[in-house]
Amino acid sequence: MDADQRLLQLRAGAGAGSAPFFELREDDAERAFHLSIRLAAGRFVINDMQGGHWGAEDWHDLPPGFGAEDPILLDRRGRQVRILIGGGAVEWMIRAPGFGARGFHVHTEGIDQTWIAPRRHAGLGAGPRLERLAVAGCDLAVPPGADPGVVLRQQALAWRHEQGWLDALVLVPGPDAALPPADPPLMALAAAGFRPGRRVTAPCPDALTAQTLNAVAAFNGIDGFQALPPDAEPPTPAPVLPARPRITTAPAPAEAPGLEVIVALYNTEDHIGDCLDSLLAGLDPTDTSVGITVVDDGSTDAGPERVRARYGGDPRLRIVSKPNGGCASARNFGRRLARRSHIAFVDADDLVDQGFFPALLAVARETGADVVQGGFARFEGDDPTRRWPAPADPQPDPVADRLVCGLMARPVSAGALNRRQAAIWRRVYRRGFLDEQDIWFPESATAFDDLGFEQRLLSALDRMWMVFGPQYLYRQHPQQDVRQGDARHFNSLHQMRLMLDHPGGEVPDGELVPVLIANAAWSVTLLEPALLDPFLVTLAELIARCHARDPARDWPGRARSAIAHPDFAYHLDRALAGPCILAPVADHPDRLRLLRGCESLSR
Amino acid sequence: MSERPVLSVVLAVADHQAEAASRTLASLEHPLVQPILALHGRQPLRVEQPPPGCLTLQMGPCDAATARNRGLGAVRAAFCLWLRPGETLSPIAPGVLARALEQGGGDAIFVPLAGTGSAAALRDLGDRLAAGGGQTALATGLWQLPYQGIRAVVSTERMRARHLHFPAGLDHSSLFFDRAVLMLFARVGVLDMPVIAPAPALAPAAPVNWRDLLSVIRALLALFPRTPGFADPALRLTVLASLLGQAIGVRAGLPPAETASHDAALRQIWREQDPRLARLLAPEFCALAPDLPVAMQRALDEARALLAG
């Protein structure tokens, strides 16, 4: 087994019953690799001997039914030895410090060994069960019974590593053009493999070659290839094969008047029933203008089953499931499915007063408003009667309010609304407006996704109608995202960065930065100590970027006043010293987890 | 070899990419492959006659990195790969990859894209590995190759354990993903067969978003000192040369007004680097990586002049 002969096929037949073995041996005391096959015990053992002392044994089970005539493939590359057996592989690293310096020889007892061929692909295992034709780096299997013949074998040998021609061929632009004929025909076959849907013809010197090539093409799943014997008529140009699967733009869905309430559901089994009951309360069962779509975002609890069991026959409600992707993805998914003119988004742990959404929809229809908002109140735990009002919400005004559909309501300026408390769930939106303004929930955020939606909405909107009457009830409980002190808080920084990076600045800094500062000040009070420093660094960089865009606004001064942590001023000073045009290193929970995960790598 | 999918292939499709993505999807019709489509266009997209086992994720409009991350989150096979719309997998690739992955295993295998000249380079690296070169030498060699010419097929388990992802909201996110594989994973292999054909270049390339490129480079440079490979001086110098080469390379195409901003940003990145990395820019350390390609040596020279100024 010299340097050029790395793949051996072993069989334990000759010495079956007496633990046949295979060794790479320098002398009797130095055996760098020892493989012993214990057929009776159903195992094989790997170890080595250094200075006359056997090392620890590495035991492995033989595959079930493994017999004396079954092959074991042994592949050595330098110090790495790989034992391929029954479809599995075991690796062994030769440990002897001076292995190979004095030379070594193969020593066997009870083993038949056969040299096979050097392998071509590092990392590839497996002995060649089928004959293979390698051309231009492609490895084509020859089907059983097909004879490649001398011509093809010679071509494969000559063009084994030649890639320039193939590279030129696969890079011919245009998805539908036929590839030019190639010489040798084996190269044409390799090229055809890279361009599904293209036609490749290959004139061949004899009928056997053409027959074999067509068989190889079929066996390897290569469409569009045709090898032609010498006397064949030139093929008539055939239409290019269309790709069978196709991705197309779906037609715009028909839109019916009404409201679709999207409920994003993820592991909220304790609350979803109360939520849906409150949404359905007071809805006329025969009225199809209001529908509820529950989007199960890959829940792992019994929530979806409970919904199906309890509301399965209700025509006003449907549940759809999707792989988990976060609340934003569930809301966007529901919006894609919606077929009504208006839409609302509800958290699965919240409640509404009876008639809340029908009231908002009625005002939206009456006024033609793009967005209509209701009041909201918080409640703690499970008792919605113990509620407290939202701070800084617009209050009823007997002078300004109007009676619309039996409710007191008035238009309010979007700029006058409190941007710090995203309240996307207590509104009815005209779907066309959201589409025209391209306002979606940011799916890169796995929490706090309503922050980005809210800022984009309020910047795109002059005013919305505020309705005074039934309320949205926002449940407070210990499991809320916003109450956790973990990496989810970085989602808010990430969204701020996305909005800052947006060409043209879709949300004016004057509206965005105060929200950034206010949210960050609140996050700093909640975050785990280990997350504080990266959070403050990232925040400082974002504030510095805002300062670079508009130095007159003194965002650094405002941030220093709001963020009490003493390290923030230090990080801000450092950030302000740079040009501040790059994205922060850890402005997303994923990056933070990756960086923190590396701490175990470098130990 | 089993006929269950051993490879999930993630394909993010945005507006105007449907036709190119259809060609890609056609190349993924194979029992060993699970296609995962992350449809993130503004217009709703749909899949007609999807291949068996194809998973379709309907998303709202977002960047490609976010869409690929969603696709990676849905991967079920033991290994995964991402493709761009228009790139195609060779029909013989699934079988070859399956053999390599099932029997070669490891954390990741780098494969070449046809037409990029990377296949021959990977063959050389494989031969060097076979001759006893270690994983660090392999990683050093891979860092010397243009990242656009190679692609990582990644162990799903390792990817999740290390929180490997595309940086959301940034262009050039694939630079981060494939280079982070080299930094994070201990057992990496190479395959010299060009199993992926690149997308035909039908449209002029979009202007390079150099701010995002520098942001990605910054993120990689922040990651590198935390990884075991940082301890190897030759690898350290190679990583430096590769990433600074990217940063310097984009400079040539910039309007003059932006060149100063670019240079200031690069100096900012440089100031925050671990001194053990930054000091390798000194000429006397060039001997640490004598095999550095000429282009990368030239990039180091240019970086030296720029960052010293």
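## Around Leu142(B)

Let's start with one residue in this predicted model.

## The nonpolar cores

Leu142(B) belongs to the largest nonpolar core, which has 117 residues. Together with Ile543(A), Leu142(B) has the most contacts inside this core. Which helix gives the most to this core? That is helix α13 of chain A, spanning residues 529-549, with 10 residues.

There is also a second, separate core, made of 68 residues. Among them are Ile292(A), Ala328(A), Ile424(A) and Met464(A).

## Chain A as a whole

Now let's step back to chain A. Its secondary structure consists of 16 helices and 27 strands. Chain A has 603 residues, and 52% of them count as buried. The accessible surface of this chain is about 25100 Å², with 52% of that area belonging to carbon and sulfur atoms.

How do contacts in chain A span the sequence? Take those between residues at least 6 apart in sequence: 70% of them join residues at least 24 apart.

## Two helices side by side

Two packed helices are described by the angle between their axes and the distance between the axes. In chain A, the axes of helix α12 (residues 509-526) and helix α14 (residues 555-562) come within 9 Å and cross at roughly 20°. Because angles under 35 degrees count as roughly parallel, α12(A) is roughly parallel to α14(A). The crossing is right-handed.

Which residues of α12(A) meet α14(A)? They are Asp509(A), Gly510(A), Val513(A), Pro514(A), Ile517(A) and Ala521(A). On the α14(A) side, the partners are Trp555(A), Arg558(A), Ala559(A) and Ala562(A).

Methods
Residues numbered from 1 in each chain as written. Chains lettered and ligands numbered in written order. Predicted model: local features only at pLDDT ≥ 70, side-chain atom pairs only at ≥ 80, totals over all residues. Heavy atoms only, no water. Core = buried A, V, L, I, M, F, W, Y, C linked by side-chain atoms within 4.5 Å. Buried < 20%, exposed > 50% of the residue type's maximum accessible area, 1.4 Å probe, protein only. Helix = DSSP H or I, 4+ residues; strand = E, 2+ residues; numbered from the N terminus. Contact = heavy atoms within 4.5 Å. Areas by Shrake-Rupley, 256 points an atom, 1.4 Å probe, with all protein chains shown as cover. Axes fitted to C-alpha atoms, helices over the stretch in contact; angles between N-to-C directions. Parallel < 35°, antiparallel > 145°, perpendicular 65-115°, else oblique. Left-handed = near helix turned anticlockwise from the far one by under 90°.
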